[in-house]
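Biologist: I have a new model to look at and I would like to learn how to read it. Could you walk me through some features, one by one?

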Amino acid sequence: MENCLFCKIIHGEIPSSKVYENDQVYAFRDINPQAPVHVLVVPKKHVSSVAEISQLADADIAACLHAVSEIAVQEGLSGGYRVISNCGPDACQSVPHLHFHILGGRQMAEQMA
Ligand code: 5GP
Ligand code: ZN
């Protein structure tokens, strides 16, 4: 997808701090971390958000969540972590390429929003 920030990151056109990659998934550190560990997990195939997830193969969706689980171990998040996917304007999604935030390394607030 042209002019998509995360597609450009996936293709190496914009630099990123990579933490994980396989055929289906790319993961990198958020440029504005909101927790000691803040990683973004994105499918390599462009879809805008969870709202368009039916356009992804089930294997690609599953690969994202397997990556989340593996990255959490890699990052030492043994105490737990939060996984968030903002979808659309009410959720303040700012980059329209599906992504899962992994937030961890500190105690999260009990209230999610
Ligand atoms: P959203 O608001 O769409 O759920 O999350 C988008 C995330 O992308 C934000 O947390 C923001 O800090 C992050 N972000 C925006 N631009 C860049 C960038 O150029 N590089 C990296 N690594 N993260 C970015
Ligand atoms: Zn994209």
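**Reading the model step by step**

Modeller: Let us start with Cys92, which lies in the loop between β4 (81-84) and β5. Residues are numbered from 1 along each chain as its sequence is written, while chains are lettered from A and ligands numbered from 1 in the order written. This is a predicted model, where local features need pLDDT of at least 70, side-chain atom pairs count only at pLDDT 80 or more, and totals for chains, interfaces and linings use all residues; side-chain values use heavy atoms, leaving out hydrogens and water.

Biologist: Is Cys92 buried or exposed?

Modeller: The words follow relative accessible area with a 1.4 Å probe and protein chains only: buried is under 20%, exposed is over 50%, and partly exposed is in between. Cys92 counts as exposed because its relative accessibility is 62%. Asn3 is exposed as well, with a relative accessible area of 66%. Cys87 has 33%, so Cys87 counts as partly exposed.

Biologist: And how many disulfides does the structure hold?

Modeller: A disulfide is a pair of cysteine sulfur atoms within 2.5 Å. The structure holds 0 of them. For Cys87, the closest cysteine sulfur is in Cys92, 12 Å away, which is too far for a bond.

Biologist: Let us turn to strands. How many bridges join β1 and β2?

Modeller: Two strands pair if DSSP finds at least two bridges between them. Strand β1 (residues 18-21) and β2 pair in the antiparallel sense over 3 bridges. Tyr20 has Ala27 in β2 as its bridge partner. With 3 residues between them, β1 and β2 form a hairpin.

Biologist: Which strand does β2 join next in your tour?

Modeller: Strand β2 (residues 25-29) runs antiparallel to β3, and 5 bridges join the two. Look for Val25, whose bridge partner in β3 is Pro43. On to β5: β3 and β5 are antiparallel too, joined by 5 bridges. There, Val39 stands opposite Ile102 in β5.

Biologist: How many residues of β3 are buried?

Modeller: Strand β3 (residues 37-43) is mostly covered, with 7 of its 7 residues buried. In a regular strand the side chains alternate between the two faces of the sheet. Here both faces of β3 are covered: on one side Val37, Val39, Val41 and Pro43 are buried, and on the other so are His38, Leu40 and Val42.

Biologist: Where does His101 lie?

Modeller: His101 lies in strand β5 (residues 100-104). His101 counts as buried because its relative accessibility is 12%. For its neighbours, contact means heavy atoms within 4.5 Å. Leaving aside residues up to four places away in sequence, His101 touches Asp30, His38, Val39, Leu40, Arg82, Val83, Ile84 and Asn86. A polar contact is a pair of N or O atoms within 3.5 Å; within protein, one must be able to donate a hydrogen and the other to accept it, and residues adjacent in sequence count only if both atoms are side-chain atoms. One such contact, of 2.8 Å, joins the side chains of His101 and His38.

Biologist: Which residues come nearest to ligand 1?

Modeller: A residue is near a molecule or strand if one of its heavy atoms lies within 4 Å of it. Of the 16 residues around ligand 1, Arg29, Asp30, Asn86, Ser94 and His101 come nearest. The largest share of this shell, 3 residues, comes from α1.

Biologist: Which polar atoms sit by the ligand's nitrogen and oxygen atoms?

Modeller: A backbone N or O atom of Arg29 lies 2.8 Å from a nitrogen atom of ligand 1. A polar backbone atom of Ile31 is 3.2 Å from a nitrogen atom of the ligand. An oxygen atom of ligand 1 has a polar side-chain atom of His99 at 3.0 Å. Taken alone, ligand 1 exposes 520 Å², of which the protein buries 84%; these areas come from the Shrake-Rupley method with a 1.4 Å probe, and for residues only the protein chains shown count as cover.

Key:
Helices (H or I, at least four residues) and strands (E, at least two) are DSSP runs, numbered from the N terminus.
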